[in-house]
Each structure stands twice: as C-alpha cells, then as structure tokens.
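Thank you all for making time this morning.

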Amino acid sequence: MSNGEFQVRQRLQSYSRRLFVQRAGLLGGMIALGAGSYLYNPRGSWAADPIKVGIATDLTGPISWGGIPNANVAKMVIDDMNASGGLLGRPLQIYLEDTATNEALAVTKVRKLVTQDRVDVVLGGITSSMRNAIKDTIVNRGKTLYIYPQLYEGKECTPYLFCTGPTPAQQCDTFIPWLIKNGGKKFYLPSADYVWPHVLNAYARKTIEQNGGEVVGEEYFPVDHNDYGATVNKIMASKVNVVFNTTIPPGLAAFFKQLYEAGFNRNGGRLACVYYDENALNITPAEEIEGLGSCLDYFKAINDPGGNKIQAEYNKLYPGVNPFTAGSAATGMYRGLKLWEAAVKEAKSVKREDVAKALDHAKILEGPGGGSEFVPGTRHVKMNMYTAVSKGGKFEIVEKSKGPVMPGECG
Amino acid sequence: MSKRSLGLIHKQRRMIPRIEALLLTAFLVFPVWADDFWILFATRVLIVGLLALSFDLVWGYAGILSFGQALFFGMAGYSCALLATKLGVTSILVMLPLALAVGLIVAIVINLLVILGKRIPTTVFVALGTLTGSYVVERLARGWSYVGGQNGIPSLPRLTVGGYEIVEGKGYYYMALGILLAVYVGLRYLTRSQFGLVLAGIRLQEARMAFFGYKVQSYKGMVFALAGMIAGLSGGLYAFHEGYVGPGQLGPVLSTQAVLYVLFGGVGTLVGGLVGVGIIDLFSYLLSQKWETGWPIVLGMLLLVVVMFRPTGLIGLVVSERERMGSFGKRDRTASAKRPKDAADTIS
C-alpha cells in the first residue's frame with residue numbers, strides 16, 4: 001500500500017468515526033436546544049466529507065465487454081486521485097452500479113445514485129439507448145452532472161450532460177479523405193438498423209461526396225442478420241473500393257466472412273469500421289480483416305507516453321480479457337474523470353453549476369492519445385484522432401490528425 | 001361433521017385477506033419513514049404490480065397463457081409519450097384514459113388475431129401468438145425513427161392535474177397506490193363473482209363449459225381485453241414515472257418478466273402477482289448491490305428453485321389450494337345450496 005493510499009484510507013476511516021461523533025453531537029444539540037435546532041447545519045465543519053462519484057455502467061449483459069473496462073478504469077483513476085491526496089482536500093468515494101444492459105433497471109439504479117447516495121457526478125452508459133433512458137433521471141429530475149463516455153452519433157445537447165467520446169465529425173473528417181486516397185472513390189455503407197449507423201452514415205455520405213467520392217449503396221440490416229449474399233454480390237459487381245461498415249456483432253462476423261470469401265479483400269478492396277479497436281480484432285479471423293481501417297481517439301500502437309502509462313497501470317491491475325481500449329468507452333471514461341477533476345479544481349467546489357461552468361472549457365494535457373479539452377458552449381471534447389490499419393491481427397497507425405479535431409456538435 | 005369441515009375451510013380461507021390487509025397497511029404507511037429513493041422504488045413496484053395483475057387475470061383466472069402483456073404496456077407507454085412530447089399534452093385526465101384505450105384497442109386486435117378465431121386456439125398457440133406479436137412490435141419500434149428507434153423517447157414531461165405537476169415521490173406514489181387499489185378491488189370482485197366462477201370453469205374444464213352452453217371464447221376475449229386495459233394503464237403510468245419509453249418496454253423480455261412475477265408470487269390469487277413484483281425487484285436490487293457482476297445468476301437460480309418446488313408460488317406457502325380456488329358469488333350461497341329442503345320449503 002502506498003503512503004498516499006494509506007492516508008486516504010485512514011481519512012475515510014476517521015471520517016466515519018468523526019461522522020459518528022458529529023452526529024452524536026448533533027443529536028445532543030437537538031435535544032438540548034429543542035426541535036428548531038436541527039436547522040443548524042454542521043456540514044461546513046466536515047472537512048473530509050468525501051466527494052461522491054457515481055458510475056453506472058453495464059457490468060452484466062450483452063454490453064458488459066464495454067462496461068467492465070469502464071468500471072475498471074473508473075476505479076483505477078479514483079484510486080490514483082485518492083493516492084495523491086484526493087480532490088479539494090477531500091477523498092473521493094466511488095458508487096458503482098450495474099445497469100445490466102437493461103434500460104428499465106438502469107433508471108432505478110441511477111435513481112439510487114442521485115436520490116439516495118446523492119453523488120456529485122454520474123459517469124456511464126455505453127449505448128445511446130442507455131444514455132437516453134437515464135439522462136433525464138440524472139440531469140433534469142436529479143439535478144446532477146452527467147458525463148457520457150462512449151463514441152456515439154452526436155446530437156446530444158442536453159444542458160449538464162457532457163460527452164467525452166468521439167462524434168461522427170471526429171471519426172469521419174480525417175478518416176474519409178484517407179480512405180479515398182488509400183482505397184478509392186466508390187463507397188458502400190452496410191449498416192445495422194439502429195440510430196447510430198443512420199446518423200453516422202448521413203455524416204459520412206456528406207463527407208464522402210465533399211471529397212469527391214461516391215456512395216454506391218447504403219443498406220440496413222437487423223443486428224443479428226446473417227445472410228449478406230445479395231449485398232456482397234452488389235459490392236463485388238459494382239466494384240466498390242471501400243466498404244464503410246457499421247454492422248455490429250453478432251451480424252458482423254457473418255458479413256465479414258462472406259465478403260472475404262467473395263474476394264473483396266483479395267481484389268484490393270478496403271474495409272473500414274470506425275468502432276474497431278484492439279478488442280474487436282478478435283471477433284473474426286485476422287485474414288478476413290487484413291487492411292481494415294479504423295479511426296479512434298486512441299490505439300495502443302500510438303505508443304504515446306500518456307497512453308502507455310495508463311496501459312501499463314491498467315494491465316497490472318486488471319490483466320486479461322477486458323483490455324483498456326477506445327471502442328469500449330474506457331478512454332472516454334478516463335478523459336471524463338480527468339476533465340471533471342480539472343473542472344472541480346478550478347471551481348473549488350463540487351456544486352453542479354460551478355463544475356459545469358468550469359467543465360465548459362476544461363482541459364487536460366495528458367491522456368490516452370494525448371491531451372483534450374471541451375469546446376466551450378458545446379459540452380463536447382476536441383481531441384486527436386488516429387487512423388489505424390489492421391495488419392496480421394494488430395493495428396498499425398497510418399495517420400494522425402493535425403492537432404485536435406473539432407467535435408462539430410451543439411455549436 | 002359437515003359443520004366441522006366447513007369451519008376448517010373458513011379458517012383457512014382467511015389467509016388471503018390477511019395478506020391483503022398487511023400489504024395495504026404496509027403500502028399506506030411506507031412513505032412516512034421511507035426516504036426518496038425507496039418511495040420511487042415502491043412506486044415502480046406499484047405500477048409494475050398492475051402489469052402483474054393483468055397477467056394473473058389472463059393466466060390465473062382465464063387460462064390464457066399470454067406472453068404479450070408488455071405489448072399493451074409498451075404501446076400505451078409509447079402513445080402517451082408521443083402525445084406528451086409531440087403535442088405537449090400532459091393532463092392526467094387525457095393520459096390515463098388514453099393509456100386504457102390503447103391497451104384495450106391493442107388487446108382487441110390481438111384478440112381478433114389470436115383468440116377469437118373460428119377454431120378454438122390451444123394454450124401453446126396463444127402463448128406463441130402473443131409472444132410473436134410482442135417480438136414483432138419491439139423490432140418495428142427499434143427500426144422506426146419517428147418513435148426514436150432503438151433510443152426510445154427520452155425526457156418526458158411530468159403528468160399534470162389541473163396545472164400542477166405530479167412529481168415522482170409521495171404524490172405519484174399515492175396516485176399509483178390509489179389506482180392499483182381501485183383496479184385490485186374491481187378485479188377481486190369480478191373474479192369472485194359468477195363471472196369468475198365461469199372463468200374458473202373454463203380454466204379447469206374448458207370443453208365441459210362449452211357443452212354447458214357458455215361461449216367460452218367470448219369470455220376469454222373479454223378477460224383478455226380487460227387485462228389489456230390494465231396493462232396499458234400500467235404502461236402509461238410507468239412511462240411518466242420513469243421519464244422515458246424504449247423498445248424494451250414492448251418486448252418479450254418484459255412480457256416474460258410479467259409471467260415470472262406472477263409464477264413466483266403465486267398464480268391465480270391476484271395478490272400473488274404483487275408479492276412477486278415486490279420480492280423479485282427488491283431481491284434483484286439488493287443482490288446487485290452485494291455482487292455487481294454475478295447477481296443475475298443468483299436471481300435466476302432463486303426463481304428456478306421457487307418455480308420448481310413451489311408451483312403455486314410463494315403465496316402457496318401460506319395459502320391452501322382450496323383457498324386459492326376461492327368461493328364464488330354471495331357469501332351465504334354455499335350454505336343455502338347445502339340445504340335444498342329449506343329452499344323448497346320457502347317456495348311452497
């Protein structure tokens with residue numbers, strides 16, 4: 001146990017002891033002075049009252065591959081903050097809730113965080129449907145700050161809701177010109193039929209056309225669709241250069257296999273998929289996705305000092321099947337916590353209005369993939385974006401954005 | 001001897017009213033000491049309790065195995081949410097009748113498709129038919145961007161009554177409790193009436209009831225429509241309480257949950273469904289606090305154990321089979337039926 005950690009533990013322990021003494025004192029005072037005295041609030045004297053951080057994420061259910069690394073990162077960052085003396089001289093306490101990939105259950109869990117635990121901030125949610133289900137309970141009804149960490153379709157402009165993952169603009173603005181240069185002009189957009197692919201494709205189509213490319217086809221399938229014969233034929237027959245894929249597992253594996261077997265990759269076609277991170281590389285055999293391009297805020301292969309430090313610490317604490325990657329929102333979670341920390345330091349308070357004001361322009365110099373900062377008035381982050389290509393089951397970085405990319409949301 | 005056995009039955013019969021009285025008292029005084037979170041939690045239990053009641057009505061009383069209760073629940077929820085977000089209507093005087101009406105209309109449609117055919121449908125046919133309906137509508141909602149697709153409709157305004165918002169908490173709690181109580185009393189009266197007796201007959205010996213001349217399918221259709229209304233009401237209240245609707249509220253998962261609540265609590269008792277909702281929700285919440293990543297497994301095992309070893313549900317631990325079956329019509333009817341001689345005397 002490090003010295004700092006020891007100190008915080010001691011502080012937490014002494015906190016409960018002190019709390020007991022204070023409550024006992026308060027009770028004594030109430031009895032002595034009569035009923036009116038409980039209006040007197042001794043809170044100001046509780047120097048080591050912990051700051052409460054609520055984490056609501058999918059630890060179980062189909063999205064747990066993303067929720068578990070999110071929770072791990074949160075625990076790691078909070079422990080680090082505590083080890084270095086906490087925040088505003090107060091320790092941080094984490095309140096972890098499993099939303100179980102179930103929106104109905106999640107509302108109850110988040111309610112617990114805001115009404116019972118009275119946390120100072122909530123971070124979490126992976127899917128957009130989850131964010132939509134819980135945001136009202138946190139932000140409007142619960143009057144609490146909410147930070148959403150995952151890459152998503154954009155258009156979330158609710159006040160007091162801050163997004164720290166990449167938006168369509170960030171994933172397309174550098175990536176699509178690269179694809180046109182390193183693939184070709186003819187695009188095909190096979191997609192899963194839900195909100196994110198629809199909105200992302202609209203943006204991608206615009207960017208493709210602006211850069212002189214052409215969209216040959218755009219198609220939507222149920223998420224568990226498994227026969228892509230007709231689509232693959234169309235892709236092969238119309239000599240498509242780039243398949244800009246937004247189908248997702250479980251349908252994804254079948255699609256990549258059928259496309260590979262039809263000879264798309266062999267004939268020099270370029271696969272592209274913007275949520276592909278190191279974890280996703282394991283979904284299909286490496287040869288089926290050889291040359292697949294992805295664009296995210298962080299890859300292990302960037303080999304940046306900030307990212308490497310986080311990777312090393314994360315792998316030491318949580319080795320195994322739930323790695324620290326961008327596609328699972330783990331990088332967004334890290335960024336969210338650090339930006340929030342910076343805002344709290346600046347505001348010297350954890351009150352929602354004060355923190356939101358500071359968070360509006362909060363900035364961190366180091367993080368996975370480099371520094372990042374909120375673009376004032378948008379509650380979205382500008383950050384470096386990286387284009388990587390899968391080679392033999394590993395990502396290689398092929399391009400880095402020139403400086404941070406603007407999120408292009410809520411402006 | 002007959003007197004003694006009657007006395008025994010009478011003694012046993014008292015369990016359900018006791019549970020009801022206990023629950024009612026508990027729910028009435030609960031908000032006095034509970035904090036905000038638990039009041040919200042209990043409100044949700046009350047609202048989902050209505051959904052459980054609707055399933056108990058169709059399965060426990062009319063023998064219709066409906067795996068589609070979430071369909072009525074979700075359709076009503078979506079209708080209310082659309083009206084509230086697109087047109088800004090929030091009055092409870094519009095919303096609750098709307099929820100009831102949508103539940104009723106959807107139930108009538110499903111009725112026509114699944115139950116009121118020329119051929120008498122088997123239990124499995126009805127189960128699969130309703131399950132399919134629920135599944136199809138969920139898939140459609142996921143793909144339809146007007147209703148938010150996968151993301152559903154977030155940020156619903158609050159229900160209002162005469163310009164006042166009904167804020168989640170004590171106000172919403174007592175409103176939900178009042179509605180649940182009214183529905184419960186109504187259903188209890190209905191299931192213990194002559195109508196309920198016919199339903200019991202249908203559940204146990206459908207063919208015989210048909211030979212007696214009862215239009216079995218019409219009875220089933222009526223019960224199914226009524227249950228649809230109750231599930232719709234539940235869905236409308238739920239949407240405003242949780243502040244959002246999503247496609248999950250239409251689908252087979254919630255439909256199955258309704259089935260589980262009732263099987264776990266005790267089928268065919270009305271109150272069993274409420275007990276099931278309360279205990280399952282409380283347990284899953286407490287378990288998830290203790291073991292964040294493994295709690296669904298423990299919960300599943302628990303449900304399995306109860307359903308395997310107590311087919312009559314938790315209520316079956318204290319309520320006898322005879323009581324569960326119930327008595328019908330006016331209280332003294334059994335007594336006078338036992339003495340036909342007296343009856344004959346009065347006629348002559």
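Let me begin with a definition: helices (H or I, at least four residues) and strands (E, at least two) are DSSP runs, numbered from the N terminus. On that basis, the secondary structure of chain A comes to 12 helices and 15 strands. This is a predicted model, in which local features need pLDDT of at least 70 and side-chain atom pairs count only at pLDDT 80 or more, while totals for chains, interfaces and linings use all residues. Residues are numbered from 1 along each chain as its sequence is written, and chains are lettered from A and ligands numbered from 1 in the order in which they are written.

The chain is divided into domain 1 (3-166 + 305-383) and domain 2 (170-301 + 387-400), with bounds that come from an automatic or database domain assignment. Where these two domains are in contact (C-beta atoms, placed from the backbone, within 7 Å), domain 1 of chain A supplies 19 residues and domain 2 of chain A supplies 16.

Turning to the two chains, 27 residues of chain B are in contact with 26 residues of chain A. On the chain B side, helix H3 gives the most, with five residues.

As for Ala52(B), leaving aside residues up to four places away in sequence, its contacts include Ala258(B), Tyr261(B) and Leu274(B).

Which way do the buried residues of H6(B) face? Among the buried residues of this helix are Val126(B), Thr130(B), Val137(B) and Arg142(B). Seen down the axis of H6(B), the buried residues fall within an arc of 165° (taken from the directions from the helix axis to the C-beta atoms), so they line one face of the helix. They pack against helix H4 (69-87), helix H5 (92-115) and helix H11 (252-265) of chain B, whereas Val124(B) and Leu140(B), on the other side of H6(B), are exposed.

Note on methods
Buried ≥ 20, exposed ≤ 12 C-beta atoms within 10 Å, placed from the backbone.
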